[in-house]
Number of protein chains: 2
Amino acid sequence: MGIILFLILGNAAGAQTNDSVFIAGMSDEVLVNSKAYDNLRVLCKTIGGRLAGSPQIYKAETWGVNALKAAGADKVWLQECMVPRWVRGGKDIAWVSYAGAPDKTIKLPLDVLALGNSLGTGAKGVQAPVILIHDFDELEKRKDEIKGKIVFYNHPFNKKFVQTFRAYGEAGPYRWGGPSRAARYGAVAVVIRSMSDATDNYPHTGSTEYDSAYAKIPCAAMGLRDADKLADLLTQGKKIQLYYKSNAHFLPDTIGHNVIGEYTGAESPNEYITVGGHLDSWDPAEGAHDDGTGCVHAIEVLRAMKAVGYRPKHTLRVVLFVNEENGLRGGTQYEAQAAANKEKHLFALESDGGGFTPRGFSFSLQAARLDKLRPWIPLLLPYGIAAFNEGGGGADVTPLNETMGVPVAELQPDGQRYFDIHHTRNDVFENVNKRELELGAISMSGLIYLVDKYGL
Amino acid sequence: MGIILFLILGNAAGAQTNDSVFIAGMSDEVLVNSKAYDNLRVLCKTIGGRLAGSPQIYKAETWGVNALKAAGADKVWLQECMVPRWVRGGKDIAWVSYAGAPDKTIKLPLDVLALGNSLGTGAKGVQAPVILIHDFDELEKRKDEIKGKIVFYNHPFNKKFVQTFRAYGEAGPYRWGGPSRAARYGAVAVVIRSMSDATDNYPHTGSTEYDSAYAKIPCAAMGLRDADKLADLLTQGKKIQLYYKSNAHFLPDTIGHNVIGEYTGAESPNEYITVGGHLDSWDPAEGAHDDGTGCVHAIEVLRAMKAVGYRPKHTLRVVLFVNEENGLRGGTQYEAQAAANKEKHLFALESDGGGFTPRGFSFSLQAARLDKLRPWIPLLLPYGIAAFNEGGGGADVTPLNETMGVPVAELQPDGQRYFDIHHTRNDVFENVNKRELELGAISMSGLIYLVDKYGL
């Protein structure tokens, strides 16, 4: 595009109101003075990946404390909770071998990552014939063929879902529950097609959960190009052996901390609005979009409100949850402490969908109650928020909703790039755009301001 | 984000209609079978940057012909027009020097790109004291200080504009008209802060236009970090010499071609709906987002309509314009031929804002007429279109509007990343996301379908 013509995009908010002017002021503050991007750089580049219980997460806790103090929090503290400590234990290795030309065995390496919470193979690894399974229906039909084999779940992301999280929801059970379902029929290991429709070959890790009724067999995700190749070979009828070695294991549970900072409310300091992200991340990269961006979003909400001189009526509490990825112990503990202390919580918002341009919020509220909030959408549309959807809040704030009935929500950024990055080596600072990140913080600040002012 | 919770985003289109079902079918077709991404890869990776008149643009014309035929166009042809042929002529070089410690001169290289359509310095380059100018008001106030100097326009992008194109519109005149305004007061060259708010230091080229009343002085854009550094030094009061060398020049005008493909209308084959992008691009990279994505969007509209078996009432004409960046000769010629042939044009749509997730369309229509189209927005919202804005169409289709009164429009993708990429070495295939690209094609297909069916 040259300079000759450029677009003047309409401000769909229409007539200005006090609220639109106030939110525009927060927008200016964030776009000009935001610390979100710099905070994220420090987190990603000086600490990097940070699973619960890892040495890195303790450094990240210190980072969070410092960032919250710098943002102007009235008080900052650590909320203790026990966390699991899963360890990858080095590089995961896999290859397949099959007969090529006469007397020649072809051996192809696979790019794999052990699934989080999975157990490794021991030093020798596991080798067995591999069987291609497309979905659980096929697994059930072919259950007599599974014994002694390595099951390869090749369930693709459904490209037709415009909302990529729907594809994740549909394919996710193969990662989450697939290993135990295969173990039930005697599989010795499981490999899955990564939860993605990316064009590269990076494997995507992420939690699995063993059903204690069956053997805890090793399991890993492979990159999509490798999955395509392996599926092609199996479809051609090749007899294929798969070798997999992983040293994944658990160390004993250890102490972790939610990092909490408060901006004390002017009128109802004992009533809380929580805004958060999760501090822990998977280990292949830096946990930038998942969920460094959510952490810096939440910190920025506090910083921006203080910077523009807005004192909330209720106490704003920023929470960096310690263990979303493989246990949810941080979110569970936060709710438990809130209940034990009989705290009154008005609302809780999480950002855990990445630092992309915002598109909407999803709420735990039912349709009729959500309809009453929709007149706020035009106030947030200039910053990207085009919809308030049903669908619940972020994982870490869900215990507040489920146990205490607190309304919760989650930022819904544009999700098209998320599953190119999620739980892979791509999840690095360089893949976050400064302005997209900032628009998320603006949208969240706007919603929190409206909830603080008008309730919900 | 783990698997425990995932978002189900509401389909804001509400109740299904025949139109929503039809557009959803086109969406499925594009998301599963699109050729847009593969076409873009070939254009970017086998041809690359392609200024009008360059050897590359002729290869790109052949690429366009082949891609349109493969998409199923009934006829494909080249529409001749004369184009300018501006040549960079090698690497542009610049550095600044100033007194450091006693008896020591400090010399700093600057990363620069000659502005498009600018003339070079000759082999010796130009060296002169540099003067920092923030805006045209300051230039006027200090006009007596300009003679014999190199003017450094350091007008920043206004970060506060959520819509980055507004910042481009505000800063653009320093690139477009700044050199001649400085030449008027005797400047010997101009360097500008690049039209961007990116975090890197890549310079952004793009057209300038000399006022024939003044000397055609050399001019270049520099990266933002270099601009910050130079501005700091000048603000500290350093006396700075700037050296700049460029071999930029024009060769004689040459023959170029708009590439045109048609899908003949079933009811009114002599009435046209045009959809296009521009084939030419700047030279530092591959012209991926500017405007390879617009070309493959337009081709994909035709391909998808044919693939789902939709025969438009009017003839759909895909046009890949040959010279948007530094002359608009392609768009001008297309209108001239349409007028000469007394063609009836119903509508023309261009994609020239990058291959990012779509957010809206801007139209040349006035408010009252645009209001009548807005009931279509819910049909397109599932694919990202949240607004129909006033503001005109793409540059190449604007002659159709200005001269023949044809309603025109432009796709408005999410613009947050655009000015990190635009006219720089960053404009490569790898910075285009497959699904974001496809959503643009879906949105355009949907709008074209609605216009074809209902008029506007």
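**Helix packing in chain B**

Mentor: H1(B) and H14(B) pack at an angle of about 145°, and their axes are 9 Å apart. Axes here are lines fitted to C-alpha atoms, for helices over the stretch in contact, with angles from 0 to 180 degrees between N-to-C directions. Helices are DSSP runs of H or I with at least four residues, strands are E runs of at least two, and both are numbered from the N terminus. This is a predicted model, where local features need pLDDT of at least 70 and side-chain atom pairs count only at 80 or more, while totals for chains, interfaces and linings use all residues. Residues are numbered from 1 along each chain as its sequence is written, with chains lettered from A and ligands numbered from 1 in the order in which they are written.

Now the residues. H1(B) brings B:Asp19, B:Phe22, B:Ile23, B:Met26, B:Ser27, B:Val30 and B:Leu31 to the contact. H14(B) answers with B:Glu438, B:Ala441, B:Ile442, B:Ser445, B:Gly446, B:Tyr449 and B:Leu450. Contact means C-beta atoms, placed from the backbone, within 7 Å. By class, nine of these residues are nonpolar, three polar and two charged. Ala, Val, Leu, Ile, Met, Phe, Trp, Tyr, Cys and Pro count as nonpolar, Asp, Glu, Lys and Arg as charged, and the others, Gly among them, as polar.

Next comes a second pair. H2(B), residues 36-47, packs on H8(B) at about 135°, again with axes 9 Å apart. On the H2(B) side are B:Ala36, B:Asn39, B:Leu40, B:Leu43 and B:Cys44. They meet B:Ala288, B:Gly292, B:Thr293, B:Val296, B:His297, B:Ile299 and B:Glu300 of H8(B). This contact divides into seven nonpolar, four polar and one charged residue.

Chain A has a cis bond between A:Asp290 and A:Asp291, with omega about 10°. A:Asp291 lies in helix H8 (288-307) of chain A.

Now look across to the other chain. Chain B gives 62 residues to the contact and chain A gives 60. On the chain B side, the elements giving two or more residues include H1 (18-33), H8 (288-307) and H14 (434-454). H5(B) supplies the largest share, seven residues. The chain B side divides into 23 nonpolar, 21 polar and 18 charged residues.

Then the core. The largest nonpolar core has 166 residues, and A:Val318, A:Ile448, B:Val318 and B:Ile448 have the most contacts inside it. Such a core is a set of buried Ala, Val, Leu, Ile, Met, Phe, Trp, Tyr and Cys residues joined through C-beta atoms within 7 Å. Buried means 20 or more other C-beta atoms within 10 Å, exposed 12 or fewer, and partly exposed in between. Residues that B:Val318 touches include B:Leu68, B:Ile260, B:Val275, B:Ala298, B:Ile299 and B:Leu302.

B:Asn117 has a positive phi of about 75° without being a glycine. B:Asn117 lies in the loop between strands S4 (112-114) and S5 (126-133) of chain B. B:Asn117 counts as buried because 21 other C-beta atoms lie within 10 Å. B:Leu328, in the loop between strand S12 (314-321) and helix H9 (329-340) of chain B, has phi near 60°. B:Leu328 is also buried, with 21 other C-beta atoms within 10 Å.

Note on methods
Contact = placed C-beta atoms within 7 Å. Lists of a residue's contacts leave out its neighbours within four places in sequence.
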